[in-house]
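User: Hi! I'd like to walk through a model with you before I set anything up. Could you take a look?

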Amino acid sequence: MIQSLLIANRGEIACRIIRTARAMGIRTVAVYSDADAGALHVRLADAAVHVGPSPVRESYLVGERIIAAARASGAEAIHPGYGFLSENAAFAQSVIDAGLVWVGPRPASITAMGLKDAAKRLMQDAGVPTTPGYLGEDQSPQRLAVEADAIGYPVLIKAVAGGGGKGMRRVDDPADFAEALVSCRREASASFGNDHILLEKWITNPRHIEVQVFGDTHGNVVHLFERDCSLQRRHQKVIEEGPAPGMDPATRAAICDAAVRAARAVDYVGAGTIEFIADGSGPVSADRTWFMEMNTRLQVEHPVTEAITGVDLVEWQLRVASGEPLPLTQDQLTITGHAMEVRLYAEDPAKGFLPSIGRLDRFRLGEGCRVDTGVEEGSTISPFYDPMIAKVIAHGPTREAARARVSAALATSVISPLRTNAGFLVKALDHPAFVAGEVDTGLITREGEALMPAAMPSEARLAAAAGTLVAGDALGGFRLNAARQATGRLLLDGVEVETSLEGALRQAQYERSGGGILISEAGQTWHLTPWRIDGKGAAAAGDGSIISPMPGRIIAVAVVQGEQVVKGQKLLTLEAMKMEHSLVAPYDGVVVELNAVEGGQVSEGAVLARVTEAEAG
């Protein structure tokens with residue numbers, strides 16, 4: 001058995017691996033960048049090694065530094081977690097060549113499944129059904145446009161080396177194909193160093209169903225059933241669950257057997273996931289389910305499988321990497337109950353889900369769920385890494401029990417001052433279609449505003465909080481020779497609001513913070529403070545200023561100074577937190593100021609451009 005393990009990752013997955021390794025008596029070694037010097041995973045590990053500056057390309061993605069850290073710390077094995085170097089076959093081979101144990105699949109298996117076009121050809125040879133599309137070597141824009149026309153719109157442009165929703169664009173209109181192709185390739189090159197793409201037919205009402213597979217060095221391969229990851233936003237998974245709603249035993253057997261065939265086709269060892277796309281216009285059936293890709297690593301949503309099978313997948317990984325056979329056979333694996341996982345992000349749904357950066361002063365979730373996280377109160381969410389702060393997992397005897405449990409945990413959360421998507425997740429979990437199990441990958445896009453959390457607390461909650469805030473003030477609502485004032489002005493997250501003060505009679509219990517109190521409702525938290533004459537509300541670009549919402553890099557400038565623009569026209573593209581963000585004209589007008597240069601780094605709040613509004617008439 002492995003005695004000392006280096007985790008080549010950070011955040012919640014590093015903490016999660018440390019938890020299992022410690023239970024197995026394995027010494028753990030963390031690696032960290034400048035930004036993560038005080039991170040939770042660093043403090044939890046038995047030892048920690050600094051591997052470079054904050055940007056991932058200068059620290060967590062430098063394989064030589066990771067291997068050097070393992071040697072310097074005396075670690076005998078490396079676990080890559082997910083993301084970063086987890087599916088880098090060259091790094092895996094370097095680990096093995098260095099005489100260390102690689103906790104993952106063989107490099108040849110990673111290579112075989114790492115490029116989506118080659119993987120689809122391999123699956124076709126293995127008799128696994130694949131989606132219609134174009135896998136050709138001719139990557140000229142002209143040829144790709146012709147192939148897209150032949151496939152029929154809508155089509156999906158997908159980076160062959162992609163993953164995690166990066167390097168993917170759905171195109172509905174041929175007129176938009178060229179721009180989407182350029183954007184997809186640019187993102188793919190930045191994220192994976194490979195701008196080669198493939199095309200797939202976009203399946204109407206698609207469902208995303210994946211099967212957890214596991215192999216060992218003794219020739220055994222099993223599946224641990226399926227997960228449904230259909231609820232997505234911008235190709236990123238939002239809620240995952242298992243088993244898949246509406247999956248009958250015969251269909252489950254057919255899809256899971258296909259997944260095992262796929263794993264055997266690449267002589268797979270360790271944890272992996274075979275991803276399928278299913279036609280969700282009717283009941284799930286094997287003849288309308290196609291292979292998409294294989295993830296040759298542990299998945300973000302692996303706790304769903306752990307909950308319904310009772311298996312610790314990280315323990316299995318460490319045992320298999322140590323040369324042991326799989327702990328259970330296929331016949332010994334069963335499904336118990338239902339599990340659901342949500343991804344909690346530090347992001348603001350009201351601002352297009354832009355990441356929310358800064359110190360996490362309050363971070364508390366409701367009870368009854370497993371919480372996998374790499375942060376705690378006092379942690380700082382930096383602009384260098386993915387803004388996911390936790391995974392919240394619920395398990396229950398039924399789907400409804402699991403859904404209600406995770407919804408309640410989020411609804412009663414207190415997270416401040418950063419914005420999160422908790423309120424959005426509550427709305428999604430409680431949406432009638434999701435409650436009924438009628439989900440597909442387009443649900444969030446179709447529902448749009450219906451899933452957006454409220455901008456303010458309910459009137460009753462705000463009034464009660466306001467009353468509590470002024471209750472200790474002898475002059476709260478007091479007026480000379482007149483009845484007590486029934487309303488008052490306060491600041492809600494710095495914005496002036498007027499509300500009833502009748503809540504003073506109820507004396508509700510609220511948490512004090514920063515000279516005010518916190519109001520939590522339906523997954524959201526607001527800071528209510530007394531009104532001050534010098535209080536300033538949230539600044540808005542009412543003068544036509546295009547302001548950088550966060551630190552990042554300008555990757556495209558679509559206009560020039562003096563150019564006439566129309567409302568909604570793309571002006572700039574900002575790359576931050578591993579995502580592209582388009583900044584658009586607030587109204588018809590003229591670009592009178594342009595401070596952005598392609599390739600330039602910008603800070604949060606920087607004025608990148610200014611548009612003057614066209615005169616009416």
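Analyst: Happy to; below we go through helix packing, the nonpolar cores and some backbone details.

User: First off, is this model predicted or something else?
Analyst: It is a predicted model.

User: Good to know. Which residues are buried in helix 6?
Analyst: In helix 6, which spans residues 116–125, the buried ones are Lys116, Asp117, Ala119, Lys120 and Met123. They sit on the same side of helix 6, because the arc they cover around the axis is only 160°.

User: Why would residues spaced like that point the same way?
Analyst: An α-helix has 3.6 residues a turn, so residues three or four places apart point the same way.

User: And what covers the buried residues of helix 6?
Analyst: The cover includes helix 5 (107–114) and helix 9 (249–265), along with strand 7 (155–163), strand 9 (197–201) and strand 14 (289–295).

User: Let's stay with helix 5. At what angle do the axes of helix 5 and helix 6 cross?
Analyst: They cross at roughly 95°, and the axes come within 6 Å. Helix 5 and helix 6 are therefore roughly perpendicular to each other. On the helix 5 side the contact is made by Ala112, Met113 and Gly114, and on the helix 6 side by Lys116, Ala118, Ala119, Leu122 and Met123. By class, that contact has six nonpolar residues, one polar and one charged.

User: Nice. What happens in the backbone just after helix 6?
Analyst: Gly127 takes a positive phi there, of about 80°.

User: Switching topic: how many residues does the largest nonpolar core have?
Analyst: It has 36 residues, and Ile239, Leu344 and Leu410 are those with the most contacts inside it. Elements giving two or more residues to this core include strand 12 (236–242), strand 15 (338–345), strand 22 (388–396) and helix 12 (399–411). Helix 13 gives the largest share, six residues.

User: What is Leu410 in contact with, leaving aside its neighbours within four places in sequence?
Analyst: Its contacts include Val342, Leu344, Leu365, Val392, Leu425, Val426, Leu429 and Gly523.

User: Which residues other than glycine have a positive phi?
Analyst: Arg234 is one of them, with phi near 55°, and Ala522 is another, with phi near 50°. For context, most residues other than glycine have a negative phi, and most peptide bonds are trans.

User: Are those two buried or partly exposed?
Analyst: Arg234 counts as partly exposed, at 40% relative accessibility, and Ala522 is partly exposed too, at 42%. Arg234 is found in the loop between strand 11 (221–233) and strand 12. Ala522 lies in the loop between strand 27 (516–521) and strand 28 (524–530).

User: Last one: is Val591 buried or exposed?
Analyst: Val591 is buried, with a relative accessible area of 1%; its place is in strand 34 (residues 589–594).

User: How far apart are Val591 and Arg610 in sequence and in space?
Analyst: They are 19 residues apart in sequence and 5.9 Å apart in space, C-alpha to C-alpha. Leaving aside neighbours within four places in sequence, Val591 has contacts that include Arg610, Val611, Val559, Val560 and Gln561.

How values were computed:
Residues numbered from 1 in each chain as written. Predicted model: local features only at pLDDT ≥ 70, side-chain atom pairs only at ≥ 80, totals over all residues. Heavy atoms only, no water. Buried < 20%, exposed > 50% of the residue type's maximum accessible area, 1.4 Å probe, protein only. Helix = DSSP H or I, 4+ residues; strand = E, 2+ residues; numbered from the N terminus. Arc of directions from axis to C-beta. Contact = heavy atoms within 4.5 Å. Axes fitted to C-alpha atoms, helices over the stretch in contact; angles between N-to-C directions. Parallel < 35°, antiparallel > 145°, perpendicular 65-115°, else oblique. Nonpolar A, V, L, I, M, F, W, Y, C, P; charged D, E, K, R; others polar. Core = buried A, V, L, I, M, F, W, Y, C linked by side-chain atoms within 4.5 Å.
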